[in-house]
Amino acid sequence: MSPFVFVIFGATGDLAQHKLLPALFSLYKDGQLGKKFYIVGFARREFSDEAYAHMLGDELELHKDEAWKEFAQNIYYQQGYFDQVQGYEHLIEKLNGFDKEIGACITRVFYLATPPDNYEMILQHLDATKLSEGCGQGSEKWTRLAIEKPFGKDLNTARELDRKLSEVFEEKQ
């Protein structure tokens, strides 16, 4: 499997901590994530990379698991508010550092593990900062988006969200 970056918006929430990270860890233990990958948590709380990985290990009671110790070396954290551009700008720097380390533009998956009220704001910032374009190449080839259910509050908000998504991302992304 090729190297990739998995960015989790809402990284300190229950969904990320109790469902998403355990699922990724399970894939890792099964050898399905490949040799080089990066998991970046994005949320408003202040953590260093190490403190975030340690908090997850505590939460999941995995500190004694040798596989967790290896997995945790691939976990990073970016403090930021969904409605403020600074966190996204710092995220760009972090992602560009990963690309430089690998020596190529690597695929970026943005996972919105947040309440639906935050989707549009996050999408606006992904678009405005050009994070939606991958490594600044203007290509959707390097980016993917995953959105957690529910998709909107009702039919109208779901349609509006679908419209916004189509402005920022191609269907295949």
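This is a predicted model: local features need pLDDT of at least 70, side-chain atom pairs count only at pLDDT 80 or more; totals for chains, interfaces and linings use all residues.

Q: OK, the core. Which residues touch the most other members of the largest nonpolar one?
A: Those are Phe6, Ile8, Leu21, Trp68 and Phe71, out of 29 residues in that core.

Q: What is isoleucine 8 in contact with?
A: Skipping neighbours within four places in sequence, isoleucine 8 contacts Ala16, Leu20, Leu21, Leu24, Ile39, Val40, Gly41, Phe42, Tyr111 and Ala113.

Q: And which residues does the second, separate core include?
A: That second core has 25 residues, including Val5, Val40, Leu112 and Phe169.

Q: Switching topic: glutamine 17. Where does that lie?
A: Glutamine 17 is in helix α1, which covers residues 14–29.

Q: Buried or exposed?
A: Glutamine 17 is buried, because its relative accessible area is 5%, and the cut-off for buried is under 20%.

Q: So what does the side chain of glutamine 17 reach?
A: The backbone oxygen of threonine 12, at 2.4 Å. Not counting residues up to four places away in sequence, glutamine 17 also touches Ala11, Thr12, Pro22, Met55, Leu56, Glu59 and Leu60.

Q: Now the helix pair. How do the axes of α5 and α6 cross?
A: The axes of α5 (residues 119–128) and α6 (residues 155–168) come within 10 Å and cross at roughly 10°. Angles under 35 degrees count as roughly parallel, so α5 and α6 are roughly parallel to each other.

Q: Which residues meet there?
A: From α5 you have Tyr119, Glu120, Leu123, Gln124 and Asp127, and they meet Leu161, Lys164, Leu165 and Val168 of α6. By type, the contact divides into five nonpolar, one polar and three charged residues.

Q: Last one, lysine 130. What's its phi?
A: Lysine 130 has a positive phi of about 65°, although it is not a glycine.

Q: Where is the place of lysine 130?
A: In the loop between α5 and β5 (143–147). Lysine 130 is partly exposed there, with a relative accessible area of 46%.

Note on methods. Residues are numbered from 1 along each chain as its sequence is written. Side-chain values use heavy atoms; hydrogens and water are left out. Axes are lines fitted to C-alpha atoms, for helices over the stretch in contact, and angles run from 0 to 180 degrees between N-to-C directions. Helices (H or I, at least four residues) and strands (E, at least two) are DSSP runs, numbered from the N terminus. Angles under 35 degrees count as roughly parallel, over 145 as roughly antiparallel, 65 to 115 as roughly perpendicular and the rest as oblique. Contact means heavy atoms within 4.5 Å. Ala, Val, Leu, Ile, Met, Phe, Trp, Tyr, Cys and Pro count as nonpolar, Asp, Glu, Lys and Arg as charged, and the others, Gly among them, as polar. Buried means under 20% relative accessible area, exposed over 50%, partly exposed in between (1.4 Å probe, protein chains only). A polar contact is a pair of N or O atoms within 3.5 Å; within protein, one must be able to donate a hydrogen and the other to accept it, and residues adjacent in sequence count only if both atoms are side-chain atoms. A nonpolar core is a set of buried Ala, Val, Leu, Ile, Met, Phe, Trp, Tyr and Cys residues joined through side-chain atoms within 4.5 Å.
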